[in-house]
Amino acid sequence: MDILPAPLSAQHAEEGALPLGPATTLTAGPGTEAVAAWLRAALAAATGLPLPPGPPGPPGASGASGIELALDSALPAEGYRITVRDGRAVLLGGTAAGVFWGAQTLRQLLGPAALRRAAVRRTGWVLPGCEIEDAPRFGWRGVLLDVSRHFLPKADVLRFLDLMAAHKLNVLHLHLTDDQGWRIEIRRYPRLTSVGGWRERSMVGFRAGERRDDRPHGGYYTQDDLREIVAYAADRQITVVPEIDVPGHAQAAIAAHPELGNTDVLDTGALGVWTDWGVNPNVLNVSDATLRFYEGVLEEVLEIFPSEFVHIGGDECPKEQWKASPAAQARIAELGLAGEDELQSWFIRHFDGWLSARGRRMIGWDEILEGGLAPGAAVSSWRGYEGGVAAAKAGHDVVMCPEQHVYLDHRQAAGTDEPIPVGYVRTLEDVYRFEPVPPELDAAAAAHVIGTQANLWTEFADSARDVDYRAFPRLAAFAEVAWSDLPRDPAARDWAGFEQRMTSHYARLDALGVEYRPPAGPHPWQRRPGVLGRPIG
């Protein structure tokens, strides 16, 4: 059956298949109506079959031929069971989320053409006889999508959510602000998008290079755009976690509002939206006015995003301006802090408390550990396992996303054929062998690893086609790591079996219109001769 990600168990039955035809029904039990509506729309488009509702009642009661959805509280919340026999397909889920993930498996069972948006054939649709039981390993199965460095139009974000859902990924970490662009409408501060949403040009290639494209770049999402994205994601059991980066990675905001910068160190009014990549020395000041400004930003963010977590960045914040700033030094003295690291911790803890008072939880990159961390905060461990290990041992929840393993902007193979071949070489097999929970964590600390995430930064991906290339097929391997009950020892994983299942999955990606990196290497259009990066490992 070549299901991906691999289920806990799957038994094929030679008899009992369910052929789908014009009379086949799709029945929704209580609590599954929204999933049934989604599945009916998806399968009707792909197969041309109407799949009308069947008679009400418990699964199997009618004896009619069709697909039946129902809840079963004995199953895990995101777990599901599929039974296809005697001309019926019964899909049970612990919650609507479990039913939805089971619906994704049903689509795979029907073959790649079932993932298309319109019918290429109207006959020959058969669900094979089978018994499948499944549930995810992690509750946070995430992908970071950086829409700041290169803006991704709303339609492409919605498409990316569909691709996530097809792989049973359930958290979209949306990186909305950075030095190179501010992408979320804040109605009380319109200059954040009218000024901060646009840069004059962009770097081409690695950050140490001198090439620029001299082409303005920008864009932003209105608040209604983002509400649409959030609702579209929720219909697919995906939570959107927004990131508003502080106190570093903030030059786009400073360009729009120079008073946010360290005005006693430099002329912040001369700063534009940054046109380089890398770590920027221009950071927020630590005044009460800046705290109030970002509280105003976050008030509007919370109105749009209902997620439990809000990401506040906290990474790569150079301290040189604070060291030179009389105002920052006065703040350090006023608070009795040991230095600039503790000043950053104070800044971060302010927003941790602010979010907590409003029923939300803060999550930030592992630098937020430096100088101390508030009890309820969670950590995205990106610089390796070390930050996540320290956070988990201290009782903080952790999302493991180490750049050495799951940064999908990094190159997929050695050699100059890779477009802008930056970063570590991380092949499909490397991602498949990534283990989110390091062995040095005992059971109590390991329980704080709430999930894992692949991060897709877009300095080197300026279109949806580039995003496809860098994400796939590695995101399929990552999805299996996040969902499936794989051996904890990476060396013990069945790479040959996964590679065989990928043969079927490439056909699914083709049906979905994904422009992935082929196993043999990039297509000619996917290469960028003369635009080189700098390998770092």
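1. Let me start with Pro247, which lies in the loop between strand 15 (239-246) and helix 6 (251-256). The peptide bond that joins Val246 to Pro247 is cis, with omega at about -10 degrees. Please keep in mind here, and in all the points below, that this is a predicted model.

2. Where is the cis peptide bond between Phe472 and Pro473 placed? Pro473 belongs to the loop between helix 15 and helix 16, and omega for the bond from Phe472 to Pro473 is about 10 degrees.

3. Helix 15 itself deserves a look while you are there. Of the 8 residues in helix 15 (residues 464-471), 7 are buried, so the helix is largely enclosed by the rest of the structure. The buried residues are Ala464, Asp466, Val467, Asp468, Tyr469, Arg470 and Ala471. Their cover includes strand 9, helix 3, strand 20 (449-456) and helix 16 (474-483).

4. Asp2, which is not a glycine, has a positive phi of about 50 degrees. Asp2 sits in the segment before strand 1 and is partly exposed, at a relative accessible area of 25%. For Asp86, also a residue other than glycine, phi is positive and near 55 degrees.

5. Strand 8 (residues 130-134) has Cys130, Ile132 and Asp134 on its covered face, while Glu131 and Glu133 make up the uncovered one. Strand 1 (residues 9-12) runs antiparallel to strand 8 and is joined to it by 4 bridges. Strand 5 (residues 80-85) is antiparallel to strand 8 as well, with 5 bridges between them.

6. Turning to the aromatic residues, the model holds 18 aromatic pairs. One of them is Phe151 with Tyr221: the ring centres are 4.7 Å apart and the planes meet at 45 degrees, so this pair is tilted. Phe151 is buried, at 16% relative accessible area. Tyr221 is buried as well, with a relative accessible area of 1%.

7. There is also an aromatic cluster, formed by Trp38, Phe100, Trp101 and Trp483. Which charged residue sits over the ring of Trp483? That is Lys168, whose charged end is 5.8 Å from the ring centre. A second example of a charge over a ring is Arg358 with Trp354, where the charged end is 3.9 Å from the ring centre.

8. Leaving aside residues up to four places away in sequence, Arg331 touches Val286, Ser287, Asp288, Leu343 and Trp346.

9. Finally, some figures for the whole chain. The protein chain has 17 helices and 20 strands. Its radius of gyration is 24 Å, close to the 24 Å from the globule rule for 537 residues, so the chain is as compact as a globular protein of that length. Along the principal axes, the C-alpha atoms fill a box of roughly 80 × 50 × 45 Å. Among the 537 residues, 60% count as buried.

10. Contacts and surface complete the picture. Taking contacts between residues at least 6 apart in sequence, 73% join residues at least 24 apart. The accessible surface of the protein chain is about 19500 Å², and carbon and sulfur atoms account for 53% of it.

Definitions and conventions
Residues are numbered from 1 along each chain as its sequence is written. This is a predicted model: local features need pLDDT of at least 70, side-chain atom pairs count only at pLDDT 80 or more; totals for chains, interfaces and linings use all residues. Side-chain values use heavy atoms; hydrogens and water are left out. Rings of Phe, Tyr and Trp (its six-membered ring) pair if their centres lie within 6.5 Å; planes under 30 degrees apart count as stacked, over 60 as edge-to-face and the rest as tilted. Buried means under 20% relative accessible area, exposed over 50%, partly exposed in between (1.4 Å probe, protein chains only). A charge sits over a ring if NZ of Lys or CZ of Arg is within 6 Å of the ring centre and within 35 degrees of the ring normal. Helices (H or I, at least four residues) and strands (E, at least two) are DSSP runs, numbered from the N terminus. The radius of gyration is taken over C-alpha atoms; the globule rule is 2.2 Å times the number of residues to the power 0.38. Contact means heavy atoms within 4.5 Å. Accessible areas come from the Shrake-Rupley method with a 1.4 Å probe; for residues, only the protein chains shown count as cover. Two strands pair if DSSP finds at least two bridges between them.
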